[in-house]
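Here is a brief report on a predicted model.

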Amino acid sequence: MTNDDRFQSLYRKYYKRMVRFYVLSFRVTEEDAEELTQDAFFRFLEAMDEYRGDAEWAYLETIARNVAYNRIRSQKTAKRGAETVDIHDRNAIAEPAAPAEPDYAQREEAALRSKQLRDAIAELPAGSRECMQLWLNEFTYDEIAKFLKISVDAVKSRLRDAKKVLRARLGDANALPEVEE
Amino acid sequence: MITKSELSDVNGKVMAENQVTNGEPPTAEEVLAYTRGELTPEEEACIRERLIAYPELVRTLTTPFPEPAEPGHPDYLSDHEFARHWKALQKRRQRSNGSLQFWRAFGAIAASLAVVFGGLLWRAEIELKKPQAVWEQQELYSDSRRGIEGEPNKLTPNGESYLLVPGLGSDLGADKLRVDILDMAVNPPRTVWSSNAISRTSNGSLVIVLRRDSLKPGAYKLVVYGITGARQDELSTFTLRVPAR
């Protein structure tokens with residue numbers, strides 16, 4: 001089987017699903033997703049001659065993830081610069097109507113609570129904090145386990161510990177229901 | 001009661017602050033090293049902390065990759081679809097190769113120029129390292145000794161200066177000596193160098209050191225005068241020729 005044959009086989013099997021992977025996972029447009037997919041396959045084609053392993057699909061996966069990572073990273077780093085606003089664009093600079101202000105006591109209470117929560121998160125042991133932060137960002141146990149390179153059971157255990165510490169620290173016995181087993 | 005959404009809001013703010021304090025997200029190479037387990041535990045912890053501040057980037061590593069579509073499934077590209085994609089890919093590849101060839105040619109030219117200039121530099125350095133004669137002694141014969149038809153004293157163009165040694169008798173019958181060098185190319189001849197503080201060797205010859213650039217190519221006359229009190233006598237003349245270098 002030549003390189004071109006192997007490439008064709010993978011391309012036909014993965015193309016449409018990779019486009020969907022980019023659309024659903026990274027919330028890009030269909031057009032952007034097609035561009036990313038073609039970019040990934042182009043890199044894969046260019047690198048195929050140098051690849052010596054058998055699991056070419058795994059190599060394609062690495063390249064596909066890398067392409068997505070670079071795209072999002074470049075967007076993130078671009079966003080770190082100053083945001084430019086057209087001063088002639090009334091919509092761009094128009095201030096939204098201010099919501100009804102809570103009174104002073106309510107604001108004070110909210111600020112205090114927010115500080116307590118931040119401190120509580122910050123004081124969690126590193127492993128538990130990482131699990132908690134990913135869980136709060138809607139990552140599944142499998143995803144958390146994959147990223148942290150630990151087992152799913154370890155993820156659940158760390159989350160249980162983190163919640164226990166938070167409940168104790170915040171004096172709220174009913175806070176954060178247990179992880180569903 | 002504290003809810004997950006309340007905690008998520010606070011966590012969002014913490015992560016936004018972490019994005020500022022931790023700097024830019026890790027590079028793709030750093031992340032690849034992380035996923036392959038090529039880092040030390042400390043380095044891994046550092047990458048993890050920086051990445052967690054950017055959940056969208058973590059998602060690129062954790063979102064399950066799709067399974068392949070089997071032939072016959074609607075997700076499997078048809079021959080026609082693949083042919084169209086393949087054509088586009090080949091075009092892109094050609095463009096990429098064209099650009100690569102341009103940069104290769106550019107690199108080759110740059111490398112050739114570097115070799116040429118490197119060679120020139122090396123040669124110049126070798127030339128500079130060669131021993132340079134500061135001067136070369138030139139014995140001069142007076143016009144009376146050479147005879148009227150004789151060849152003038154030809155100064156050799158080596159070294160940075162001339163060391164002229166005009167031959168004179170040991171007893172000149174004068175208290176002091178003065179030497180003038182006249183440029184014979186102009187009429188009347190113009191004095192281009194003169195001195196009355198001249199050293200003499202043990203056999204009575206004069207020793208004159210002149211910078212090379214003080215005598216341009218042409219004909220000159222070196223005249224030695226003997227001075228006694230107010231009297232000045234011409235003792236000897238030497239015709240010189242400075243060839244073009």
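## Strands of chain B

In chain B, strand S3 (residues 161-166) pairs with strand S7 (residues 206-211). The sense is antiparallel, and the pairing spans four bridges. Tyr162(B) has Leu210(B) as its bridge partner in S7(B).

S7(B) also runs antiparallel to strand S6 (residues 199-200) of chain B, joined by two bridges. Here Ser199(B) stands opposite Val207(B). S6(B) and S7(B) form a hairpin with five residues between the strands. In that hairpin, Gly204(B) takes a positive phi near 95 degrees.

## Nonpolar cores

The largest nonpolar core holds 48 residues. Met18(A), Cys131(A), Met132(A), Leu134(A), Trp135(A) and Ile144(A) touch the most other members. Helix H1 (residues 3-26) of chain A gives the largest share of this core, seven residues.

Leaving out residues up to four places away in sequence, Ile144(A) touches Cys131(A), Leu134(A), Trp135(A), Phe139(A) and Val155(A). A second, separate core has 16 residues. Among them are Tyr162(B), Leu164(B), Leu168(B) and Leu222(B).

## Contact between chains A and B

Chain A brings 44 residues to the contact, and chain B brings 37 residues. On the side of chain A that touches chain B, at least two residues each come from H1, helix H2 (30-47), helix H3 (56-79), helix H5 (104-122), helix H6 (126-136) and helix H7 (141-148) of chain A.

H1(A) supplies the largest share of that side, twelve residues. By residue class, the side of chain A that touches chain B has 21 nonpolar, nine polar and 14 charged residues.

Conventions. Residues numbered from 1 in each chain as written. Chains lettered and ligands numbered in written order. Predicted model: local features only at pLDDT ≥ 70, side-chain atom pairs only at ≥ 80, totals over all residues. Core = buried A, V, L, I, M, F, W, Y, C linked by C-beta atoms within 7 Å. Buried ≥ 20, exposed ≤ 12 C-beta atoms within 10 Å, placed from the backbone. Contact = placed C-beta atoms within 7 Å. Pairing = 2+ DSSP bridges. Nonpolar A, V, L, I, M, F, W, Y, C, P; charged D, E, K, R; others polar.
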